Amino acid sequence: MVQTPIYLDNHATTRCDPRVRDVMLPYFCEEFGNAASITHVFGERAKDAVEKARETIAAAVDADPREVIFTSGATESNNLAILGVGRCLPPGSHLVASSIEHPSVLEPLQKLSEEGHTVTLVRPVQNGDPQAGRVLAESVEEALKPNTRLVSIMAANNEIGSVQPIREIAALCRERGIIFHVDAVQALGKVPLRDELREVDLISLSAHKVYGPKGVGALIVRRRQAGFKIQPLIYGGGHERGLRSGTLNVPGIVGFAHAVALALADLENEMVRLQQLRNLLFHLLKEQLGERVQLNGPDLSRPDWRLPGNLNVRFPGIEGETLLLHVPELALSSGSACSSADPRPSHVLLALGLSETEARASIRVGIGRFNTEEEIRYAADVLCSAVRQLVDLQSALEGWSRGPGER
Ligand SMILES: Cc1ncc(COP(=O)(O)O)c(C=O)c1O
């Protein structure tokens, strides 16, 4: 028997792994010191724990521990990267990002354009192509201008799971001395990243997408490549090399590092397992629904093109929101968590070339560490019967509205 509701929204957040919780617990009541209070043993122990965690996070992205700036999460990291660097650039600089970035990248870019910089948003490969949702290096190259100073491209998208050619884009930026920021939140612990990110200047990370706690993340600021300046968003005690003042969240940081270590230790197996579960789900939906289910985003066979646990599909003629109301046994989403209060269709699906109606007919599935094959089979059955029910209801209503003579 499966237990419902089944959590299938692992792009919005993930359950904190109990092993992560266990390493965090002592840092609430026993090891409660302030990591900046190094005049006594309480503070020293907290600082040691933070520095150990810093080493783990740095190793995950092949950085120097001094390049890790702990933050409250990736929204802050993205803001610090974009606004912090953007506000140090010469006035009228040109900035490039993709049109499928997270709002925590797009909105700071919008702010910089109001402050006098110009921004170009690069479109991904359009839906229907096996690489749909990928932002190709040649598209980024076409957008570059002599005064381009900053490029920001996410490693993996949070709605359609498209994985971007970060290494190639980094090489383009490097050749031209352009600062390169990557929002790696959805990719960390899900696909191999170390080599991809080696030439990247700024990297945003978040713990709660990788089975760690909420409210903690990091910005990696690699100073050895481009000589760039970055100004803080928060001023105060000068923590984190002056880039992010505020008492460090010691339990959160300890949990973040353990979560990353656990995810990396089992990365290859987990990638295979999640890809199998995701492909099984799509196969079961297709088998039962045929053309009534359509794939959004990249091909499912390539983990280097699409996150193994991601599925995004549309059911033509059915509203995603309505479908979700008919499947209370499943925790899914019709878009990203941050925009679920927003009535507009997903900017990511529109950027893929879908119509508003197609975008509204879509749902996102995020399969994660704690999902089982039994749950996936159950979810497929529940979804298929809800779709059939809605299709029947719709044709009954259409017959009704045509009137008795035409029925
Ligand atoms: C791609 C991406 N970037 C940034 C964020 C923001 O992360 P956080 O929740 O840590 O602020 C999210 C989370 O929704 C995300 O999916």
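**Entry 1: helix 4 and helix 5**

I looked up how helix 4 (residues 74-86) packs against helix 5 (residues 103-114) in this predicted model. Their axes lie 9 Å apart, and the packing angle is about 25 degrees. Angles under 35 degrees count as roughly parallel, and helix 4 is therefore roughly parallel to helix 5. I recorded the crossing of helix 4 past helix 5 as right-handed.

I then listed the residues that meet. Helix 4 contributes Ala74, Thr75, Asn78, Asn79, Ile82, Leu83 and Gly86. From helix 5 come Ser104, Val105, Pro108, Leu109, Lys111 and Leu112. Sorted by class, this contact of helix 4 with helix 5 has seven nonpolar, five polar and one charged residues.

**Entry 2: the ligand**

Which residues come nearest to the ligand? I found 14 residues around the ligand, and Thr75, Asp183, Gln186, Ser206 and Lys209 come nearest.

A nitrogen atom of the ligand is 2.6 Å from an N or O atom in the side chain of aspartate 183. An oxygen atom of the ligand is 2.8 Å from an N or O atom in the side chain of glutamine 186. At alanine 74, a polar backbone atom is 2.9 Å from an oxygen atom of the ligand.

**Entry 3: helix 9 and helix 13**

I turned to helix 9 (residues 267-289) and helix 13 (residues 373-402), whose axes come within 9 Å and cross at roughly 30 degrees. Helix 9 and helix 13 are therefore roughly parallel to each other. Their crossing is right-handed.

On the side of helix 9, I listed Leu277, Leu280, Leu281, Leu284, Leu285, Gln288 and Leu289. These meet Glu373, Ile376, Arg377, Ala380, Asp381, Leu383, Cys384, Val387 and Arg388 in helix 13. By class, I recorded eleven nonpolar, one polar and four charged residues in the contact of helix 9 with helix 13.

**Entry 4: two backbone details**

Where is proline 5 found? I located proline 5 in the segment before strand 1 (6-7). The peptide bond that joins threonine 4 and proline 5 is cis, with omega about -5 degrees.

I also checked aspartate 62, which lies in the loop between helix 3 (41-60) and strand 2 (68-71). Its phi is positive, about 55 degrees, although aspartate 62 is not a glycine.

Note on methods. Residues are numbered from 1 along each chain as its sequence is written. This is a predicted model: local features need pLDDT of at least 70, side-chain atom pairs count only at pLDDT 80 or more; totals for chains, interfaces and linings use all residues. Side-chain values use heavy atoms; hydrogens and water are left out. Axes are lines fitted to C-alpha atoms, for helices over the stretch in contact, and angles run from 0 to 180 degrees between N-to-C directions. Helices (H or I, at least four residues) and strands (E, at least two) are DSSP runs, numbered from the N terminus. Angles under 35 degrees count as roughly parallel, over 145 as roughly antiparallel, 65 to 115 as roughly perpendicular and the rest as oblique. A crossing is left-handed if the near helix is turned anticlockwise from the far one by less than a right angle, and right-handed if clockwise. Contact means heavy atoms within 4.5 Å. Ala, Val, Leu, Ile, Met, Phe, Trp, Tyr, Cys and Pro count as nonpolar, Asp, Glu, Lys and Arg as charged, and the others, Gly among them, as polar. A residue is near a molecule or strand if one of its heavy atoms lies within 4 Å of it. A polar contact is a pair of N or O atoms within 3.5 Å; within protein, one must be able to donate a hydrogen and the other to accept it, and residues adjacent in sequence count only if both atoms are side-chain atoms.
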